[in-house]
Amino acid sequence: MKNNLLVSFCFVGIIFISLASVFSSWIFSHSPYAIYEDFLTLPPFWMDGGSLQFPLGTDDLGRDLMIRLLYGGKISLLVGGVVMIMSLVFGLIFGMVAAVSKRAAPWIMGMVDIFMSFPGILIAIVVVAILGPGLFNACLAASLMCLPLMIRLVRSLALREMGLPYVESSRSFGAGTPRLVVFHILPNCLGEISVQSVLNFSEGILTVAALSFLGLGAEPPLPEWGVMISDGRAYIQNAWWLICFPGLCLLVLVLCVNIIGERLRDFFDPRLSSQSGSSDPIGKFA
């Protein structure tokens, strides 16, 4: 019961963050880049000196922190979606090719092993250092960091399905490799692949935020949460809200996505469902 409530809370949290971020430009009239010179580092409204005009306070330039957090949520959701789609598309292509082609498999899996031998964030930093700082380049670096694990997952799932009787039966009736991959193997692998894609979503958000924090991702004055955390470091003793609120937003979003991903994994993996003592995986996920 507690797990179901936790998953429901995560769903509601993600929906709320998504709606608030997407419709923030229609809800609030002023821009996240608007500067109010008379309200520099204003504290939140519940503290002495705070104002309801700026519920979460302002930054060192007098910009509304709540508006910037909402716009930053829109950027983070977009970043997570881009990283998830790019890693999914290229992971499916290279993973399936490595599974069906004996010539290409050693080359592809060799490159995967090389990439996985290094820390992911190091690879992302090297890629951004080569391409140059920027939000799109940071998304490319995060996608490349998530790609090796996706390739290995797709290949292992495809090899598992290729050894099952229904694939051999379809091949005996004249089905070619492209048809087997598209209509038989891939549909039966989508459950586990979708779980990894959800986890790549949160991984992309964290990686791009880390690169932005280091000055290699999004650049000021873009209201990205990693940039906001980096800008707030100098004021952590006098204006703690400049670094705590962006960090809290990042924590909540990534935590909610990861919890949903873990529950999806339990739902699609019957072995994990049986180990938990539940005979009804649908009821467990509900």
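This briefing covers the fold, nonpolar cores, surface patch and salt bridges of one protein model.

The model is predicted: local features need pLDDT of at least 70, side-chain atom pairs count only at pLDDT 80 or more, and totals for chains, interfaces and linings use all residues. Residues are numbered from 1 along each chain as its sequence is written, and side-chain values use heavy atoms, with hydrogens and water left out. The protein has 13 helices and zero strands; helices (H or I, at least four residues) and strands (E, at least two) are DSSP runs, numbered from the N terminus.

**Overall figures**
- Of the 286 residues, 44% count as buried (under 20% relative accessible area; exposed is over 50% and partly exposed in between, with a 1.4 Å probe and protein chains only).
- Among contacts (heavy atoms within 4.5 Å) with a separation of 6 or more, 66% join residues 24 or more positions apart.
- The accessible surface comes to about 15000 Å², and carbon and sulfur atoms hold 70% of that (Shrake-Rupley method with a 1.4 Å probe; for residues, only the protein chains shown count as cover).

**Nonpolar cores**
- A nonpolar core is a set of buried Ala, Val, Leu, Ile, Met, Phe, Trp, Tyr and Cys residues joined through side-chain atoms within 4.5 Å.
- The largest one has 24 residues, and Leu65, Leu69 and Leu250 have the most contacts inside it.
- Helices α3 (65-100), α9 (190-213), α10 (225-232) and α11 (241-268) each supply at least two residues of this core, with α11 giving the most, 10 residues.
- A second, separate core of 15 residues includes Leu92, Met162, Val167 and Leu180.

**Surface patch**
- Met111, Ile114, Phe118, Ile121, Leu122, Val126, Ile130 and Leu131 form a nonpolar surface patch with about 750 Å² of accessible area together.
- Patches are made of residues with over 30% relative accessible area and no salt bridge, like charges being joined within 9 Å and nonpolar side chains (Val, Leu, Ile, Met, Phe, Trp, Tyr) within 5 Å.
- Helix α5 provides the largest share of the patch, five residues.
- Ile130 is in α5 and counts as exposed at 68% relative accessibility.

**Salt bridges**
- The whole structure holds four salt bridges (a side-chain nitrogen of Lys or Arg within 4 Å of a carboxyl oxygen of Asp or Glu).
- Asp59 and Arg68 pair at 3.9 Å, N to O, and both are buried.
- Asp59, Arg63 and Arg68 are linked in a salt-bridge network.
- Arg160 bridges to Glu161, with the closest N and O atoms 2.9 Å apart, and to Glu192 at 3.7 Å, N to O.
- Glu192 lies in α9 and Arg160 in α6 (residues 135-162), so this pair ties together parts 32 residues apart in sequence.
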